[in-house]
Amino acid sequence: MLTTKTRSRRGPQVCCFLILLLLVTLIILYLTVFKPKQPEVRGTVVGLRQIEFQPFPNFMLNITLVVAVTIENPNYAGFEFESGTTMIFYRGVLVGQAPVMEGEVGARSTETLSVYVELEVSTITANPNFVQDIASGILPLESSTSVRGKVTILGVFKLNASAFTSCDITVALLSRYASATCNSRVST
């Protein structure tokens, strides 16, 4: 038979054991399930929304590119991102930019944002390489897109992330086609 003295000693031991078990469980959950993971951001040039190219009799060139930014969120909480920017360069000179609107990607989901960038043709035609590029029928462009955001799990665990995507774009003027090779990186 247990005495009152023995029972009162076991109460704190059981309580300490339960607290320790709860802490170990929370640590395991954090390290496996709730630990914030890097979102994956990919940029691709989907194509040309508009291209008007007429070399003769009166020269005319209008180009609008469609850049797709795909954000994949592997976390058990939403990824909130701030507005960012997509910039297009011709031979190292900025010739177009458009905002990437702020938003949120739900838990364990993927969101694709389309950004339309109208190019400043006057800046392109002022480049000394422009005539050579027109003669070849290929317009070489580069794009860069940056997005910053954060994941907050259970209001406690936070991960800030910045994503940067760059693409080398080839616009075939006569066939009105664009292709791209893109690279992405995420940093915390």
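Close-up 1. A disulfide would need the two sulfur atoms within 2.5 Å. C15 is partly exposed, with a relative accessible area of 43%, while C16 counts as exposed at 53%. Please keep in mind that this is a predicted model. Helix α1 (residues 4–34) is where confidence in the protein chain is lowest, at a mean of 74.

**Close-up 2. The cysteine pair that does form a bond.** How many disulfides does the structure contain? The count comes to one. C167 and C182 form a disulfide, and their sulfur atoms sit 2.0 Å apart. The link between C167 and C182 is right-handed, with 110° about the S-S bond. C167 belongs to strand β9 (residues 157–172) and C182 to strand β10 (residues 177–187), so the pair ties together parts that are 15 residues apart in sequence. Are the two partners buried or exposed? C167 is buried, with a relative accessible area of 4%, whereas C182 is partly exposed at 25%.

**Close-up 3. A salt bridge between D133 and R91.** A search of the whole structure finds two salt bridges, and here is one of them. D133 pairs with R91, and their closest N and O atoms are 2.6 Å apart. D133 lies in helix α3 (residues 130–136) and R91 in the loop between β4 and β5 (93–100), so this contact ties together parts that are 42 residues apart in sequence. D133 is buried, with a relative accessible area of 5%. R91, in contrast, counts as partly exposed at 39% relative accessibility.

**Close-up 4. A salt bridge between E82 and R148.** In this pair, the closest N and O atoms of E82 and R148 are 3.5 Å apart. Which parts of the chain does the pair link? E82 sits in the loop between β3 (79–81) and β4 (84–90), and R148 sits in strand β8 (residues 138–153), 66 residues apart. With 41% relative accessibility, E82 counts as partly exposed.

**Close-up 5. The hairpin of β4 and β5.** These two strands run antiparallel and are joined by seven bridges. G84 stands opposite V100 in β5. Two residues lie between the strands of this hairpin, and R91 in the turn has a positive phi of about 55°. Confidence in the protein chain is highest in β5, at 95. For the protein chain as a whole, the mean pLDDT is 83, and 89% of residues reach 70 or more.

**Close-up 6. Inside the largest nonpolar core.** Which residues touch the most other members of this core? Among its 38 residues, they are L65, I88, L139, L141 and V171. Strand β2 (residues 60–73) provides the largest share of the core, six residues. Now zoom in on L139: leaving aside residues up to four places away in sequence, L139 touches I63, Y90, I124, F130, D133, I169, T170, V171 and L173.

Technical notes:
Residues numbered from 1 in each chain as written. Predicted model: local features only at pLDDT ≥ 70, side-chain atom pairs only at ≥ 80, totals over all residues. Heavy atoms only, no water. Core = buried A, V, L, I, M, F, W, Y, C linked by side-chain atoms within 4.5 Å. Buried < 20%, exposed > 50% of the residue type's maximum accessible area, 1.4 Å probe, protein only. Helix = DSSP H or I, 4+ residues; strand = E, 2+ residues; numbered from the N terminus. Contact = heavy atoms within 4.5 Å. Salt bridge = Lys/Arg side-chain N within 4 Å of Asp/Glu carboxyl O. Pairing = 2+ DSSP bridges. pLDDT = per-residue confidence, 0-100.
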